[in-house]
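Colleague: Could you take me through the strand pairing and the charged contact in this model?

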Amino acid sequence: VPRTGMKFSLPEDYNMVKWYGKGPFETYPDRKTGAKTGWYELSADSFYVPYVEPEDYGNRCDVREVTLSDKNGNGLKITGEDKFNFAVTPFNNIERTVYPFQLKKNGNMNLFISDAVTGVGDTPNPPMAKSRVYPGIHKMTIYISPVIKNEKAN
């Protein structure tokens, strides 16, 4: 199983991402020791990694809080009781593509909130057993709240 959790479709102008967790580059359960925990802020476009074969990309581990917002600061904040993973992408078909030219935007920003994500392994080895997500019952508690900075958005 690649990940367990939820997918949110948000307005595509929610393209500013701020989080407290590992970063600023992508991290996975088996590839996060070089990342520092702290506050980071990037545009959603900065999360894209042009892998030869499109796949999951841009995950961030050990996150306590993430906010996606528009240029006016209005958006959505998610916090968790426990650490979680998140990733953002404007592509709605990332799981079903073989080549980058097949990636399609759907006019939304897709936010994945996951309690577990499978690691990436190491070429040519698959992820180790401890870095894999297995079928079963997975539970997480998150809190979703609006962020309103400017009610008169342009």
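Modeller: This is a predicted model, in which local features need pLDDT of at least 70 and side-chain atom pairs count only at pLDDT 80 or more, while totals for chains, interfaces and linings use all residues. Residues are numbered from 1 along each chain as its sequence is written, and side-chain values use heavy atoms, with hydrogens and water left out.

Colleague: Which residue in β5 stands opposite valine 66?

Modeller: Strands here are DSSP runs of E with at least two residues, numbered from the N terminus, and two of them pair if DSSP finds at least two bridges between them. Strand β4 (residues 60–69) and strand β5 (residues 75–91) are antiparallel and share seven bridges. Within β5, the residue opposite valine 66 is isoleucine 78.

Colleague: How many bridges join strand β2 to β4?

Modeller: Strand β2 (residues 16–23) runs antiparallel to β4, and tyrosine 20 stands opposite glutamate 65 in β4. The number of bridges joining β2 to β4 is five.

Colleague: Which residue forms a salt bridge with aspartate 62?

Modeller: A salt bridge requires a side-chain nitrogen of Lys or Arg within 4 Å of a carboxyl oxygen of Asp or Glu, and by this rule the count comes to one. The closest N and O atoms of the pair are 3.1 Å apart, and the partner of aspartate 62 is lysine 32.

Colleague: Why does the pair tie together parts that are 30 residues apart in sequence?

Modeller: The pair does so because lysine 32 belongs to the loop between β2 and β3 (36–43), whereas aspartate 62 lies in strand β4. The two parts tied together are thus that loop and strand β4.

Note on methods
Buried < 20%, exposed > 50% of the residue type's maximum accessible area, 1.4 Å probe, protein only. Helix = DSSP H or I, 4+ residues; strand = E, 2+ residues; numbered from the N terminus.
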